[in-house]
Amino acid sequence: MAAKSPVVLILGAGPNIGAGVAKAFASKGYNIGLAARSVKSSEDTDTQVNIAADFSRTEDVVNAFDVVKKKFGIPHVVVYNVSVAHFTPAEDPFALSLGELRADNEVNIFGAFVAAQQAVQGFAQLPSSAARAFITTGNVLNVAVLPKFLSQNVGKSGASGIIATAAEAYAGKGHKFYYADERKPDGAPKYRVDGEAHGKLYYELAHGEKQGPWHQTFVTGQGYTQFENSRL
């Protein structure tokens with residue numbers, strides 16, 4: 001009997017990063033799970049399942065794992081490519097309401113936590129030879145201060161804290177955790193990010209022999225790049 005194809009679950013399957021990651025893994029023989037508000041189950045194929053999901057509801061995160069496991073098996077690689085933000089005037093970040101902050105944290109922090117938790121439960125059931133990786137798409141806001149992005153500052157700081165903790169705790173088990181942060185060559189944030197470059201990096205991270213630097217600041221065309229001062 002032929003071995004089952006490995007599985008990647010992409011939570012937040014947009015037209016740029018989500019599509020770039022799906023393309024990269026599909027080209028390597030992966031079955032693909034795509035979860036987003038916009039996808040349609042009527043467009044499922046033999047190698048791709050589409051799961052309608054609203055990530056303001058953590059139960060939709062759990063459901064995405066359940067659907068993929070039923071269709072293809074336990075995800076080997078999980079990508080949390082979801083982010084929301086309410087913006088504020090730069091001179092008055094506390095114009096952000098508590099309700100707005102809570103709503104954003106539900107997606108940016110709690111959704112990432114539940115996804116990582118679900119991923120680890122699955123990784124424990126996979127063979128040691130499997131690529132076991134959880135990758136969240138980040139940006140500079142876990143280390144930089146931009147007052148009108150207070151909600152994202154909180155959200156990305158929380159998500160990166162989850163990743164840093166998991167990378168430390170699970171490295172001995174062979175599970176890998178990364179916060180990916182695309183930059184310009186000078187270390188400045190890159191606002192128009194490259195979906196294809198993300199796909200290439202994510203595949204390489206998933207198939208690395210061991211945990212690398214959890215904060216994956218990278219530049220298109222040169223990969224991981226460590227910046228001495230990442231604050232603006």
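This is a predicted model: local features need pLDDT of at least 70, side-chain atom pairs count only at pLDDT 80 or more; totals for chains, interfaces and linings use all residues.
In which hand, left or right, does helix H2 pass H3? H2 passes H3 in a right-handed crossing.

**Helix pairs**

| Helix pair | Angle | Axis separation |
|---|---|---|
| H3 and H4 | about 15° | 8 Å |
| H2 and H3 | about 30° | 9 Å |
| H1 and H5 | roughly 50° | within 7 Å |

H2 spans residues 58-71, and the axes of H2 and H3 lie 9 Å apart at an angle of about 30°. Angles under 35 degrees count as roughly parallel, so H2 is roughly parallel to H3. On the H2 side the contact consists of Thr58, Val61, Val62 and Phe65, which meet Glu106, Phe110, Gly111, Val114, Ala115, Gln118 and Ala119 of H3. Sorted by class, the residues in this contact are 7 nonpolar, 3 polar and 1 charged.

H3 also packs against H4, at an angle of about 15° and with the axes 8 Å apart. That angle makes H3 roughly parallel to H4. The crossing of H3 with H4 is right-handed. From H3, the contact takes in Leu101, Asp104, Asn105, Asn108, Ile109, Phe113, Ala116 and Val120; from H4, it takes in Ser151, Gln152, Val154, Gly155, Gly158, Ala159, Ile162 and Tyr170. The contact of H3 with H4 divides into 9 nonpolar, 6 polar and 1 charged residues.

The axes of H1 and H5 cross at roughly 50° and come within 7 Å. H1 and H5 are therefore oblique to each other. H1 passes H5 in a right-handed crossing. H1 contributes Ile17, Gly20, Val21, Ala24 and Phe25 to the contact, while H5 contributes Gly195, Glu196, His198, Gly199, Lys200, Tyr202, Tyr203 and Ala206. By class, the contact of H1 with H5 holds 7 nonpolar, 4 polar and 2 charged residues.

**Largest pocket**

Helices H1 (17-26), H3 (98-123) and H4 (150-170) and strand S6 (176-182) each supply at least two residues of the lining. H3 gives the most to the lining of the largest pocket, with 3 residues. Sorted by class, the lining of this pocket has 19 nonpolar, 12 polar and 7 charged residues.

**Second largest pocket**

The second largest pocket has a volume of about 300 Å³. It is lined by 16 residues, and the closest to its centre are Glu196, Ala197, Gly199, Lys200 and Leu201. Elements that give two or more residues to this lining are H1, helix H5 (195-206) and strand S7 (215-219). H5 provides the largest share of the lining, 6 residues. Among the residues closest to the centre of the second largest pocket are Glu196, Gly199 and Lys200, and these three residues of H5 also take part in the contact with H1. The lining of the second largest pocket comprises 5 nonpolar, 6 polar and 5 charged residues.

How values were computed:
Residues are numbered from 1 along each chain as its sequence is written. Side-chain values use heavy atoms; hydrogens and water are left out. Helices (H or I, at least four residues) and strands (E, at least two) are DSSP runs, numbered from the N terminus. Ala, Val, Leu, Ile, Met, Phe, Trp, Tyr, Cys and Pro count as nonpolar, Asp, Glu, Lys and Arg as charged, and the others, Gly among them, as polar. On a 1 Å grid over the protein atoms alone, a cavity is a set of points where a 1.4 Å probe fits but cannot get out, and a pocket is an open set with protein on both sides within 12 Å along at least five of seven lines; lining residues have an atom within 4 Å of a point. Grid points are joined across faces, edges and corners, and a volume is the space filled by probe spheres set on the points. Axes are lines fitted to C-alpha atoms, for helices over the stretch in contact, and angles run from 0 to 180 degrees between N-to-C directions. Angles under 35 degrees count as roughly parallel, over 145 as roughly antiparallel, 65 to 115 as roughly perpendicular and the rest as oblique. A crossing is left-handed if the near helix is turned anticlockwise from the far one by less than a right angle, and right-handed if clockwise. Contact means heavy atoms within 4.5 Å.
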